[in-house]
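Here are my notes from an afternoon of clicking through this model. I just wrote down what I looked up.

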Number of protein chains: 4
Amino acid sequence: MPGSTYGNRFKITTWGESHGKAVGVVIDGCPAGLPLCEEDIQKFLDRRKPGQNKYATPRREDDQAEILSGIFQGQTTGTPISLLVWNKTARSQDYSKIASYYRPGHADYTFDEKYGFRDYRGGGRTSGRETIGRVAAGAIASKLLEQLGIRLCAYTKSIGNVSVDEKHMDFDEISKNPLYMPDHDAAVRAQVLLDGAMARKDSVGGIIECQITGLFPGIGEPVFDKLDACLARAMLSIGAVKGFEIGEGFRAAGMFGSENNDGFIVKNGEIAKRTNHSGGVLGGLSDGAPVIFRVAVKPTPSIAASQTTVNKNMEEIPIEITGRHDPVIVPRAVVVVEAMAALTVADLLLENMSARLDRILDFYSRNL
Amino acid sequence: MPGSTYGNRFKITTWGESHGKAVGVVIDGCPAGLPLCEEDIQKFLDRRKPGQNKYATPRREDDQAEILSGIFQGQTTGTPISLLVWNKTARSQDYSKIASYYRPGHADYTFDEKYGFRDYRGGGRTSGRETIGRVAAGAIASKLLEQLGIRLCAYTKSIGNVSVDEKHMDFDEISKNPLYMPDHDAAVRAQVLLDGAMARKDSVGGIIECQITGLFPGIGEPVFDKLDACLARAMLSIGAVKGFEIGEGFRAAGMFGSENNDGFIVKNGEIAKRTNHSGGVLGGLSDGAPVIFRVAVKPTPSIAASQTTVNKNMEEIPIEITGRHDPVIVPRAVVVVEAMAALTVADLLLENMSARLDRILDFYSRNL
Amino acid sequence: MPGSTYGNRFKITTWGESHGKAVGVVIDGCPAGLPLCEEDIQKFLDRRKPGQNKYATPRREDDQAEILSGIFQGQTTGTPISLLVWNKTARSQDYSKIASYYRPGHADYTFDEKYGFRDYRGGGRTSGRETIGRVAAGAIASKLLEQLGIRLCAYTKSIGNVSVDEKHMDFDEISKNPLYMPDHDAAVRAQVLLDGAMARKDSVGGIIECQITGLFPGIGEPVFDKLDACLARAMLSIGAVKGFEIGEGFRAAGMFGSENNDGFIVKNGEIAKRTNHSGGVLGGLSDGAPVIFRVAVKPTPSIAASQTTVNKNMEEIPIEITGRHDPVIVPRAVVVVEAMAALTVADLLLENMSARLDRILDFYSRNL
Amino acid sequence: MPGSTYGNRFKITTWGESHGKAVGVVIDGCPAGLPLCEEDIQKFLDRRKPGQNKYATPRREDDQAEILSGIFQGQTTGTPISLLVWNKTARSQDYSKIASYYRPGHADYTFDEKYGFRDYRGGGRTSGRETIGRVAAGAIASKLLEQLGIRLCAYTKSIGNVSVDEKHMDFDEISKNPLYMPDHDAAVRAQVLLDGAMARKDSVGGIIECQITGLFPGIGEPVFDKLDACLARAMLSIGAVKGFEIGEGFRAAGMFGSENNDGFIVKNGEIAKRTNHSGGVLGGLSDGAPVIFRVAVKPTPSIAASQTTVNKNMEEIPIEITGRHDPVIVPRAVVVVEAMAALTVADLLLENMSARLDRILDFYSRNL
């Protein structure tokens, strides 16, 4: 199982390097009959586009999605959807220098060890451009989930040591500031922090939170394909992500059982939970409450400040990584988190259809 | 893909319910020629055995592994290894009451929603006994990794708010205290905390840390099957685990790039890193430094203190979960974490063999 | 992907050697709510039992299925069903001699090449006893398909050069003769052929045909997981099977398009086909007509007549394989063919549920 | 598992419809370091190109492979290789009529049943153009196998009732006649047969044989992923293929064990077989002898002669399928058979590397 495929039922395979001809994705398993056009995908891609403000690389990536297959008369046909984005603005000369040494915090060394050599141009396969395929596929998964009333919303929870104040969270604010934070004041303070880091040629990390609402109970597969286990893998598969937690997460480790348990109640004639410390998952299956999780994103490893590293001649050398790099990856990664979550939920939702004989009999008796 | 299978190359399928006849596992893909006997597995199983001290359930589970296939003349044959542990001490009467209501923090409700009904005896499939199969398989994976000089060591990092002091970590201490903490003083304080929680009929959570040493660079598959992504899924697949982080993890979110980057150096004529903030993984591939990760474990949801919940008649009722339950799951989960990590590394290590043509040619030229 | 797992949605993993402690299977993905007991499985196992007449090995294999997990209150729970059959009658001494040489037509040599050594007792993993797991799992798949009105019927089409006369096929006859042929006269002639072969210490092969009725259109996945492609793999995975054909099969290669095409017609207000040369599959999807396929079974390789072969010292030696061996495998393989077909159809049927958005929306709107 | 992915280790995903923008394939798992250029792929694609003689559709498909990723400095990088062929010459107007009725022998009806509607232009996803992705991927697999001395050769064994004479087989002849038959005389007679069929607006089928030489023993996985089982699935996944047999195949069903068994001998100091009735596979593993298998191809279903069928209004109507169609698919399918066989062998060969501990230890001890 080489690693560029994700999902079993709603299955995607991404391909492409930063400075190859194009990057893209093949989605296999999208149900037939979903209305879909390039604009649906473009909306998601635009959220990860660089160059939109001073906290993102000034590179212009005019990324236009082009659908090559799987759509007929405006609807998905049930066959693979292939789509790509051409790498128009690649400037190889910017990256030629890095061929000779191993950048700290990057995969240059590990790729050389694994494969014997690497496409060093712009990070090659490990470039953030690889996420274009994920985001495009996630746009389709999101559209599918919308039909079932399931919505995802990811946002920046913290930048460096500046966190959103949970008491003042305002979801309408997310799209109004360049950091995608649901708290105007926090966003202002985070920008001050970022300005300082940029002045020092340094970078910062942060935390992204994602909420999934409208997800009904029972989604996820027991044991190894638990909903939270699949989400954890999906999130750690994003470059620069170093941690994942669901519900109370690491805080739960310091709590007592009497505090952390969510008692069941009856609400509007339906079973619900008094609290949601679990983050919407019990035993690996969705419990009907919103699914809430967070991911830790490390600071951008490419910094212009001086560092020391090793070159291919085994010499220790000082380096300064110039070129166009985001001082913080977090805002652009928000849509990647949302896309990977959508892909995960779509996959498990389709899987769940075969859980019960009564439902299978009903399904086939109605569809024959 | 129903969820009871883990791994692609070193592949396991667990089965069994707490109060069924037995629990077990089938391991397919273990290379031929590995010396293996039941004692190898028993050593691991004994580490998760309950009833060994007052912080673990006084249930006696005299769990003896029985190998049914895949071994001939003391060695693995390359064919599936099936092994099981009989459920000798199950006492169904203890659990009959819980059939009628949904325990907070457990999967009773979500299983009913997914499957229409559930085996409510002792948690059924969601019982901690499911991990017997994982631990047994992990024992085999560990033995395989040992042949290559790769060693895993998991231990308790914190219990409730009592953490191991990183400056006084002593690995020899781990097996000397009932909490598997590498710090005698912390273990003493944690026991005080636990005694208090037990007196209040409450439970506590904690954090488990795991180190993998001897792992050479390049293990893991880019993009979706990154080493850390696979570890994250493996860990969140363990019941009660709510979070995963590698290296600095969530701390990295608050760091600057200049702090978090690990500069490469030359050490004993080999490439190494000055620091190990990354936790031994770069771009999803092992980087040669020790792999270090932590998992957050929630407090045991079964507590004897009074709680409120809902029964199947949609009535809100008070409950007290009596019976034999661990006041803290963490110490018994330590070996489960280690087992799942071993399974993950073994799987990716075998996968890695086909990464490079030069090595494949060498492999086949030598073996024909 | 080591090879002992079959299916993606209705997924089985078989394990066990002829002379190990037991053979068995784990079934993961069987929907919850299917009534199931050991007797359901036993009925299928009894059809492959040896020693029932003189054309089958006089070995007594009193194979009793024992279910270890996955059933509660007489129904499947949606969790893995583990079941096994103990190897009671294994007599290792019968087989010790074959450790030293490579039996013609067997996998002794190829296993030694692949794994370095082999469990030579009774064929080890390559023994026909491995099919016990398949047949047991197939019994469960058949029961599931029955709920949807889908029925499978396999039978002997020919033994050596004696074929069933298609004009006199009588399905009631199948269970009345020891060869499972749907033609009394052919069965009598085949027994004469067999008696002659046995007298010469020789063996014969034959052809098994299988019909699947009640299968509605659209089952199968385009391109690589076509229904007929999956059936072909399933059949060739049975030891001794050397060929597979669907519908006209190899005869189609000699036909003209105008002969082979099945024109569509309207029958009872529904779309049907005038003929069924296709064998119930078009473009890899079931077309509503009965699925009909055949498999070629080679003659039993273990014969008492003298042969020459090579031993481990690279010496050419004459051998006579004594012991208890079927002079023809075909009749006992009939139920294996049926079981593998049931597993294949069940798997693709569950897969098919996520093909269309309208049906998915209907499914979830009714089940929330 | 939607169906457009093949292989676990050397894994391909094809995509594209006949009249969409392009058709293509993503190959994931090709080892790093394989020299590869577009010309390597073009050579294979040219073998399936139509319009090369009067027995193939006069459509001009100037199919030029374009590699989009996975190659750097003339070598594979170990990351996904994406390649496509643009659909330059699609003329949608030729196919608009078939939207209204179900062509006999085609998947129109079954796709409508499965997906609710279909891309009817030129057969959409079921078009023979889907095989472009397979052939391109197969070219890469073949190049990989060549490095290990493994060669594949497929050819036409029969067209209609005209078969190659096994005594006069001449492999040099294959590329010299338009039917790819290794027998000049048979090719001449087959052309007479074809000319007659074309005059009657009819079509014919045939048989393709493939030989794999240089394959060492032990390739294939026991039980469900046997080499022959995987080949059978690969072959039946090709549109129009109705049967598969290996070695003696269906002939073995009529043979005695004493005839069919291949006695082992010592030849040049190595173990070999006196005969090769098994077709190079024992117990699902390659046995060192050439692997030989055959596939039955049905006559082209699209014929200009009058047929009757049903339209979407449930009316029985006469039809004549005009347009550009091959009177025989067999010659163009030869390279598809070879490509699918190469993909299968490459996949299992990589899988085989983890079969034995001694080889794994040797592998890693040499590569660290």
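Predicted model: local features only at pLDDT ≥ 70, side-chain atom pairs only at ≥ 80, totals over all residues.

**Where two chains meet**

I found 106 residues from chain B and 106 residues from chain A taking part. The area buried between the two is about 8500 Å², and carbon and sulfur atoms give 61% of that. On the chain B side, I noted that Lys114(B), Phe224(B) and Lys242(B) lose the most area to chain A. Together those three account for 11% of what that side buries.

Next I asked myself: how many salt bridges are there between chain B and chain A? I got 4. I looked up Glu221(B), which pairs with Lys114(A), and the closest N and O atoms there are 3.1 Å apart. For polar contacts between the two chains, the count is 41 residue pairs. Helix α2 of chain B, residues 108-115, gives the most to the side touching chain A, with 7 residues. Sorted by class, that side of chain B has 46 nonpolar, 34 polar and 26 charged residues.

**Helix α1 in chain B**

I then went through helix α1 of chain B (residues 38-47) and listed its buried residues: Asp40(B), Ile41(B), Gln42(B), Phe44(B) and Leu45(B). What do the buried residues of α1(B) pack against? My list has β4 (66-67), β7 (81-86), α3 (131-147) and α7 (330-351), each of them in chain B.

**The annotated residues in chain A**

The UniProt record, an unreviewed entry, has a "binding site" annotation covering Arg48(A) and Lys54(A). I found Arg48(A) in helix α1 of chain A, residues 38-48. Is Arg48(A) buried or exposed? Its relative accessible area is 4%, so I wrote down buried. Lys54(A) sits in the loop between α1 and β4 (66-67) of chain A. Leaving out residues up to four places away in sequence, Lys54(A) touches Asp195(A), Met198(A) and Pro327(A).

I also checked Arg121(A), in the loop between α2 (108-115) and α3 (131-147) of chain A. Arg121(A) counts as buried because its relative accessibility is 17%, and the cut-off for buried is under 20%. Its side chain makes a polar contact with the side chain of Asp119(A), at 2.8 Å.

**Salt bridges in chain C**

Over all chains, I have 100 salt bridges in the tally. One of them joins Asp63(C) and Arg48(C), with the closest N and O atoms 3.6 Å apart. Asp63(C) is in the loop between α1 (38-48) and β4 (66-67), while Arg48(C) is in helix α1, and the two are 15 residues apart. I marked both Asp63(C) and Arg48(C) as buried.

Then I followed Lys273(C). It forms a salt bridge with Asp262(C), the closest N and O atoms being 3.4 Å apart. Lys273(C) lies in strand β13 (residues 270-273) and Asp262(C) in the loop between α6 (257-260) and β12 (264-267), so this pair ties together parts 11 residues apart in sequence. I noted relative accessible areas of 13% for Lys273(C) and 4% for Asp262(C), so I wrote buried for Lys273(C) and for Asp262(C).

Lys273(C) also meets Asp287(C) in a salt bridge, 2.5 Å from N to O. Asp287(C) is in the loop between β15 (285-286) and β16 (291-297), 14 residues from Lys273(C). Both Lys273(C) and Asp287(C) are buried.

Definitions and conventions: Residues numbered from 1 in each chain as written. Chains lettered and ligands numbered in written order. Heavy atoms only, no water. UniProt positions renumbered as here; feature names shortened; annotations may be inferred. Helix = DSSP H or I, 4+ residues; strand = E, 2+ residues; numbered from the N terminus. Buried < 20%, exposed > 50% of the residue type's maximum accessible area, 1.4 Å probe, protein only. Contact = heavy atoms within 4.5 Å. Buried area = accessible area lost by both parts, 1.4 Å probe. Salt bridge = Lys/Arg side-chain N within 4 Å of Asp/Glu carboxyl O. Polar contact = N/O pair within 3.5 Å; in protein donor to acceptor, adjacent residues only side chain to side chain. Nonpolar A, V, L, I, M, F, W, Y, C, P; charged D, E, K, R; others polar.
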